[in-house]
Amino acid sequence: MRLLDPTTIRLHRSGSGPTIVLLHGIGATHRMWNGIATLAGRFELVSYDLPEHGETAAPDGPFEIEDLSDQLAALLTASGITRAHVVGSSLGGMVAQSFAAASPERVDHLVLCDTSPALSEGMREELLTKPGHALARGAMARADLLDVAEEIYAPTLVLCSNGANIAMREGADFLARSIPRGQLAFVPGAAANAVTERPSWVTQVVRDFLE
């Protein structure tokens, strides 16, 4: 475990109301959430770029999903956010799982989009052959959060693109079955990234779940 400096992070905040922390996917930035920005009419939306993405520089060595979770905790503390809804996609979904299990008192509701507790061998190989974000891809490939799911006590909505591959669908099903208050919904018309492919659908479902 290593301490990733939270002071390197620039928070983006909009709206007012209960806080939703938005954690983007691998290779994306905080802007992947632009499509659900209308939630700012009822919630405060908080997003940022994970290390090695967008505005946030890469650290000087490898890190794990748990390190990103610890960084999130420090970032929220420094920002005066004691409790929030947490929404994570892909890489961000793994961080959200780890954070919800490690800091249950800080998570109101949890939404996990197109993510898994661990990648299949085929998914790991594919992930590691893609260019860019090597440190983050390594963290995802090494992640094993299978034992974490049963320690997540927040009401949890697992969203999975209807066109996702079998391994991702199985991961989503595992999360929904293993998280004590988990439920699963498949996103119609989405192939791999429900948030960017079906933003209006995701916005409505998340709003309904959180309210």
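Select C113 to start: at 1% relative accessibility this residue counts as buried, where buried means under 20% relative accessible area, exposed over 50% and partly exposed in between, taken with a 1.4 Å probe on protein chains only. The model is predicted, so local features need pLDDT of at least 70 and side-chain atom pairs count only at pLDDT 80 or more, while totals for chains, interfaces and linings use all residues. Residues are numbered from 1 along each chain as its sequence is written, and side-chain values use heavy atoms, with hydrogens and water left out.

**Stop 1: the cysteines**

At 0% relative accessibility, C160 counts as buried. A disulfide is a covalent bond between the sulfur atoms of two cysteines. The rule used here asks for a pair of cysteine sulfur atoms within 2.5 Å, and by this rule the count is zero disulfides.

**Stop 2: the whole chain**

Zoom out and show the cartoon. The protein has seven helices and seven strands; helices (H or I, at least four residues) and strands (E, at least two) are DSSP runs, numbered from the N terminus. Followed from the N terminus, the elements run β-β-β-α-β-α-β-α-α-β-α-β-α-α. The radius of gyration is 15 Å, close to the 17 Å that the globule rule gives for 211 residues, so the protein is as compact as a globular protein of that length. That radius is taken over C-alpha atoms, and the globule rule is 2.2 Å times the number of residues to the power 0.38. Along the principal axes, the C-alpha atoms fill a box of roughly 40 × 40 × 30 Å.

Of the 211 residues, 53% count as buried. A contact means heavy atoms within 4.5 Å. Among contacts with a separation of 6 or more, 76% are between residues 24 or more positions apart.

**Stop 3: L45**

Select L45, in strand β3 (residues 44-47). L45 is buried, with a relative accessible area of 6%. Apart from neighbours within four places in sequence, L45 is in contact with several residues, including H12, R13, S14, I20 and L22.

**Stop 4: Q97**

Move to Q97 in helix α2 (residues 91-102). Is Q97 buried or exposed? Q97 is buried, with a relative accessible area of 1%. Display the side chain of Q97 and the backbone of S116: the side chain reaches the backbone oxygen of S116 at 3.3 Å. This falls under the rule for a polar contact, a pair of N or O atoms within 3.5 Å; within protein, one must be able to donate a hydrogen and the other to accept it, and residues adjacent in sequence count only if both atoms are side-chain atoms. Leaving aside neighbours within four places in sequence, Q97 also touches other residues, among them L112, T115, L145 and V148.

**Stop 5: R137**

Next, find R137 in helix α4 (residues 134-142). R137 is buried yet has no salt bridge, and the nearest side chain of opposite charge, E52, is 7.5 Å away. For charge, Lys and Arg count as positive and Asp and Glu as negative; His and the chain ends are not counted. A salt bridge is a side-chain nitrogen of Lys or Arg within 4 Å of a carboxyl oxygen of Asp or Glu. A polar atom of the R137 side chain lies 2.8 Å from the backbone oxygen of G132. Beyond four places in sequence, R137 touches I26, L127, L128, K130, P131 and G132.

**Stop 6: salt bridges**

How many salt bridges does the structure hold? There are six. Select R142 and E64, whose closest N and O atoms are 3.1 Å apart. This pair links distant parts of the chain, with R142 in helix α4 and E64 in the loop between β3 and α1 (65-78), 78 residues apart. R142 counts as partly exposed at 45% relative accessibility, and E64 is partly exposed at 26%.

Finish with R177 and D173, a salt bridge with its closest N and O atoms 2.7 Å apart. Both lie in helix α5 (residues 166-178), four residues apart, about one turn of the helix. R177 counts as exposed at 58% relative accessibility, whereas D173 is partly exposed at 31%.
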